[in-house]
Amino acid sequence: GVRIEPQISQLQGGLDVLVATPGRLLDLYNQQAIHFEQLEILVLDEADMMLDLGFIDDILRIQTLLPTKRQTLMFSATFSKEIKSLAKGMLHAPCLIEVAIASTAVDAIKQKLHPVDKERKSELLIHLIKKNNWRQVLVFCRTKHGADILVSQLEQTSITADSIHANRTQRARTLALDGFKNGNIAILVATDIASRGIDVDQLPCVVNFDLPYVPQDYVHRIGRTGRASSSGLAISFFSEDESKQLQAIERVVGHKLEREIIYGFAPSEK
């Protein structure tokens, strides 16, 4: 997402470690700004997210350019069939290391579920922000378009907000995250793909505006709060059309989420 010329200039002096996105790495190779003859270790970080983003062709292309003799490390929060297939094709007699159960929610995080009609989720979020005087909340939406719409709705009620997702430029994402960390932006609205790198010290609250389709993503989302032994609050909005997602999440976390209906926002009765 940034200009390639300064990167080419930096590469000319050589380096020990290079962190790159697959597409930009291929761009640099095609411009003969980088060579792989001396490469010793390849690390694929967030492998599951790279597959979700459609980077598989770029990854396989990069593999053909690298020395056959090397060490390859693959890190993935989930271990789906696709990840297993990728590992089988790229790794030789790999050793599987699991440092934690991916579905384990942090005990320090208080989890609440607010049932609400789908069309009133924005209204409920605004109500909670103003009632609780929230100053720093990370909100997760399912889609990029939905994230931008929510930001507009929040700003119309004088709540400072910004979004972070794959359609925004690197500069825009950096400014949004910096503003959130320094307190200039109260509400940061993010999608799952953009959220993995968000790390804010002592983030007090996370809100799941939409429940994720992948239940493990719920664990990753709420894990943004309650870090470094601090307590945290994770609130999830739940509408009737999200029953399957909720059931899958509760199976993963091993218990039913605490239901709490907010006065004035009870779901419509049929």
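Select Asn133 first. This residue is partly exposed, with a relative accessible area of 45%. Asn133 sits in the loop between helix H6 (121-132) and strand E4 (137-140). Check its backbone: phi is positive, about 55°, although Asn133 is not a glycine. The model on screen is a predicted one.

**The whole chain**

Zoom out before going further. The protein chain holds 11 helices and 9 strands. Taken along the principal axes, its C-alpha atoms fill a box of roughly 65 × 40 × 35 Å. Of the 270 residues, 45% count as buried. Among the contacts with a separation of 6 or more, 74% are made by residues 24 or more positions apart.

**H6 and H7**

How do the axes of H6 and H7 cross? They come within 11 Å and cross at roughly 50°. The two helices are therefore oblique to each other. H6 passes H7 in a right-handed crossing.

Show the side chains at this crossing. From H6, select Ser122, Leu125, Ile126 and Ile129; from H7, select Leu150, Gln153 and Leu154, which they meet. By class, this contact has 5 nonpolar residues, 2 polar and no charged ones.

**Ile262**

Is Ile262 buried or exposed? Ile262 is buried, and its relative accessible area is 9%. Leaving aside neighbours within four places in sequence, Ile262 is in contact with His114, Leu124, His127 and Leu128. Ile262 and Gly1 are 261 residues apart along the chain, and their C-alpha atoms are separated by 42 Å.

**Ala161**

Next, select Ala161, in strand E5 (residues 161-164). Ala161 is buried, with a relative accessible area of 7%. Which residues does Ala161 touch, if those up to four places away in sequence are not counted? The list is Val151, Leu154, Glu155, Ile185 and Ile187.

For a distance check, draw a line from Ala161 to Asp45, C-alpha to C-alpha. The two are 29 Å apart in space and 116 residues apart in sequence.

Move to helix H5 (residues 81-90) and colour Ile83, Leu86, Ala87 and Met90, which are buried. Look down the axis of H5: these buried residues fall within an arc of 100°, so they line one face of the helix. Then colour Lys81, Ser85, Lys88 and Gly89. These exposed residues are on the face of H5 turned away from its buried side.

**H2 and H4**

Select helix H2 (residues 22-30) together with helix H4 (residues 56-65). Their axes come within 9 Å and cross at roughly 40°. That makes H2 oblique to H4. The crossing of H2 and H4 is left-handed.

Which residues of H2 meet H4? They are Pro22, Gly23, Leu25, Leu26 and Tyr29, and on the H4 side the partners are Asp58, Ile59, Arg61, Ile62 and Leu65. The contact of H2 with H4 has 7 nonpolar, 1 polar and 2 charged residues.

Follow the chain out of H2 to Gln32, in the loop between H2 and strand E1 (41-44). Gln32 is exposed, with a relative accessible area of 64%. Its phi is near 60°, a positive value in a residue other than glycine.

**H10 and H11**

The last stop is helix H10 (residues 215-222) with helix H11 (residues 243-253). The H10 and H11 axes come within 8 Å and cross at roughly 65°. That makes H10 roughly perpendicular to H11. The crossing of H10 and H11 is right-handed.

Show Pro215, Gln216, Tyr218 and Val219 in H10, then Ala248, Ile249, Val252 and Val253 in H11; the two groups meet here. The residues of this contact divide into 7 nonpolar, 1 polar and no charged.

Notes: Residues are numbered from 1 along each chain as its sequence is written. This is a predicted model: local features need pLDDT of at least 70, side-chain atom pairs count only at pLDDT 80 or more; totals for chains, interfaces and linings use all residues. Side-chain values use heavy atoms; hydrogens and water are left out. Axes are lines fitted to C-alpha atoms, for helices over the stretch in contact, and angles run from 0 to 180 degrees between N-to-C directions. Helices (H or I, at least four residues) and strands (E, at least two) are DSSP runs, numbered from the N terminus. Angles under 35 degrees count as roughly parallel, over 145 as roughly antiparallel, 65 to 115 as roughly perpendicular and the rest as oblique. A crossing is left-handed if the near helix is turned anticlockwise from the far one by less than a right angle, and right-handed if clockwise. Contact means heavy atoms within 4.5 Å. Ala, Val, Leu, Ile, Met, Phe, Trp, Tyr, Cys and Pro count as nonpolar, Asp, Glu, Lys and Arg as charged, and the others, Gly among them, as polar. Buried means under 20% relative accessible area, exposed over 50%, partly exposed in between (1.4 Å probe, protein chains only). The arc is that of the directions from the helix axis to the C-beta atoms.
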